[in-house]
Amino acid sequence: MNTPEPTYTVNDILDKFESSYIPNLSPRTQKDYAYHVKTLRQWFGQRMANDLKAKDFREFMEVKRGKIQRNRQMAVLSCAFGEAVGRWYMMERNPCRDVKRHPSRPRTRYISDTEFHAFKVLLQTRVRLAMELALLIGQRQGDILQLQWTKVDRVAGVIRIQQSKTGKRLAIGITPAITEVLDRCAALTPEGPNVIRKRNGGAYTPEGFRAMWQRVMSKWVASGQERFSFHDIRGKCASDCPTIELAYELLGHTSIAMTRRI
């Protein structure tokens with residue numbers, strides 16, 4: 001007598017994904033994936049995974065706003081289904097591979113020096129220092145906020161960073177300009193383990209820092225100026241580097257082709 005093959009819902013696969021796959025990712029990526037998984041459960045959790053076809057994702061993907069967000073969520077689901085097919089043997093095939101993604105383009109917003117300095121003076125001191133440090137070392141907002149003094153090696157003259165998104169390790173040379181910003185960060189009271197820290201000495205959460213940034217940015221836009229994101233500072237850092245090779249090394253991209261896009 002043949003034993004029937006077990007059947008699994010999308011929730012079953014996402015349960016396995018959250019327990020076996022996501023914990024191996026960087027903390028930032030874990031948080032992003034967990035957020036996307038919550039949405040995916042709402043849309044597809046009760047569906048039988050092997051019954052899904054590409055057309056079943058039409059309504060999910062056809063949105064007027066948030067198209068790139070949908071791309072990311074579909075990428076997470078495709079990753080989970082890929083593991084379910086090739087590693088956990090819970091599915092026969094991955095239907096997400098046949099779903100067309102929305103076209104995306106890299107950010108092209110360049111912040112001029114005039115804009116950078118005009119916006120910077122509107123910020124409170126701690127956010128201003130984060131902005132200045134980001135321009136000098138070219139790292140993402142999360143890595144700026146997580147940077148601790150133990151990673152600042154003044155004897156060796158480097159800042160040691162392990163990027164939260166890629167896991168790549170960098171040793172960024174401390175220039176006189178970086179030293180000047182670090183000295184102003186060190187002078188902040190109270191002391192704390194983080195280079196950029198709150199008024200109580202604790203670390204900023206990404207959400208809290210983003211809220212402060214957006215409050216000032218909203219006033220900036222209301223005054224007739226063009227919006228830009230904190231991440232656009234990373235693009236400015238790359239664009240202002242004297243050579244593409246230096247930008248590639250500083251930003252820690254996975255390929256120089258990515259640096260060229262920026």
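Student: Which residues of α9 are buried in this predicted model?

Tutor: In α9, the buried residues are F209, M212, W213, V216, M217 and W220.

Student: What makes these buried residues line one face of the helix?

Tutor: Seen down the axis of α9, they fall within an arc of 125°, so they line one face. The face turned away from that side carries the exposed residues R215, K219 and A222.

Student: And what do the buried residues of α9 pack against?

Tutor: They pack against α5 (113-120), α6 (125-137), α7 (141-146) and α10 (231-240).

Student: How do you know that F209 is buried?

Tutor: Buried means under 20% relative accessible area. F209 has 0% relative accessibility, so F209 counts as buried.

Student: What about W220 and F228?

Tutor: This pair is edge-to-face too, at 6.3 Å centre to centre with 80° between the planes. W220 has 6% relative accessibility, so W220 counts as buried, and F228, at 2%, is buried as well.

Student: Which aromatic cluster do these residues belong to?

Tutor: One cluster is formed by F119, Y204, F209, W213, W220, F228 and F230.

Technical notes
Residues numbered from 1 in each chain as written. Predicted model: local features only at pLDDT ≥ 70, side-chain atom pairs only at ≥ 80, totals over all residues. Heavy atoms only, no water. Buried < 20%, exposed > 50% of the residue type's maximum accessible area, 1.4 Å probe, protein only. Helix = DSSP H or I, 4+ residues; strand = E, 2+ residues; numbered from the N terminus. Arc of directions from axis to C-beta. Contact = heavy atoms within 4.5 Å. Phe/Tyr/Trp six-rings, centres within 6.5 Å; stacked < 30°, edge-to-face > 60°.
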